[in-house]
Amino acid sequence: MHVLEIPGYEGGPLVRGDAYLDDPLFWPVHLGSSLRGQDAQRAAFGADWDAAMELYRRLSAEHEWPVFSVPLRSGHTIHVVYRNFVDEWGVDYLIHRPEWSAAETLAVVDGHFMGPGMAWPELLSAARKSTTEGVGDADARLLLLFPTLGDALLPDDAAATLTTALAALTLIEEPAEVAKMLLENQGLWAPARWRSAGGVRINDGGHSYRNPSNAFALPQRRLLEISNALHEES
């Protein structure tokens, strides 16, 4: 087992999780924070609920913390980490660049959630700017990073884009229905409003590291660099 390291990230044994990406059930499990309620779970999992729960138990095993890496053309990498402390399970979304001494947290999906970490245009940008390393498939990148989303102003084609990814990677019978549910229940936070301030894309979310009004917000220089890395035209 090859144990990975992410600078500044303290935790358990990080291992590459790429093998999970070939399992169609991985995706509804990964998107579970936005599949709230019996109707959403029934639509996403169908008759595979027991198999999905078994997969979740493997993803949450304390002795291995699966990591999915999404490199950006800017030189940054977004790491999706299944944090498997006993009684403190969650998924951390980190961004790092080799020159940084430590990764920064974009979003956290758990009982003490933090986010959103991305606006819709940034999610699309990160998904479509594939590199030769890490997760390269645009649909996989979109679904991996989707739980960081919190955007009150979605474009008209957002549901179609998400439907295409779900249809390509899952066995969900009605991907359009599930895409609609996912967009209606973005993350564990309220959808935020994003704007540009001095070239920095920020939001008004009360739990977001990218809202400078929050005491725990990322430093201005990091906010600027992350905005540039995720800029849809960069």
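Student: How many bridges join E3 to E4, and which way do they run?
Tutor: There are 9 bridges between E3 and E4, and the two run antiparallel. Strands here are DSSP runs of E, at least two residues, numbered from the N terminus, and two strands pair if DSSP finds at least two bridges between them. One of the links is Val 81, whose bridge partner in E4 is Asp 92.

Student: Is this predicted or experimental, and what counts?
Tutor: It's a predicted model: local features need pLDDT of at least 70, side-chain atom pairs count only at pLDDT 80 or more, and totals for chains, interfaces and linings use all residues. Residues are numbered from 1 along each chain as its sequence is written, and side-chain values use heavy atoms, with hydrogens and water left out.

Student: Val 86: how accessible?
Tutor: Val 86 is partly exposed, at 46% relative accessible area. The scale is buried under 20%, exposed over 50%, partly exposed in between, with a 1.4 Å probe and protein chains only.

Student: And E4, how many of its residues are buried?
Tutor: 7 of its 9, so E4 is mostly covered.

Student: Zoom out. What's the strand order of the sheet?
Tutor: It's an open sheet of 5 strands, ordered E1-E2-E3-E4-E5, with mixed pairing. Strand E1 (14-16) and strand E5 (104-109) are at the edges with a single partner strand each, so one side of each has no neighbour in the sheet.

Student: How does E5 pair with E4?
Tutor: In the antiparallel sense, over 5 bridges. Among them, Leu 94 has Thr 105 as its bridge partner in E5, and Ile 95 has Glu 104.

Student: Which helix packs on the sheet?
Tutor: Helix H5 (residues 138-145), which touches strand E2 (65-71), E3 and E4, and its direction makes about 120° with that of E2. Contact means heavy atoms within 4.5 Å; helices are DSSP runs of H or I, at least four residues. Axes are lines fitted to C-alpha atoms, for helices over the stretch in contact, with angles from 0 to 180 degrees between N-to-C directions.

Student: New topic: Thr 161, buried or exposed?
Tutor: Buried, with a relative accessible area of 15%. Thr 161 is in helix H6 (residues 158-169).

Student: What is Thr 161 in contact with?
Tutor: Leaving aside neighbours within four places in sequence, Trp 120, Leu 124, Arg 128 and Leu 142.
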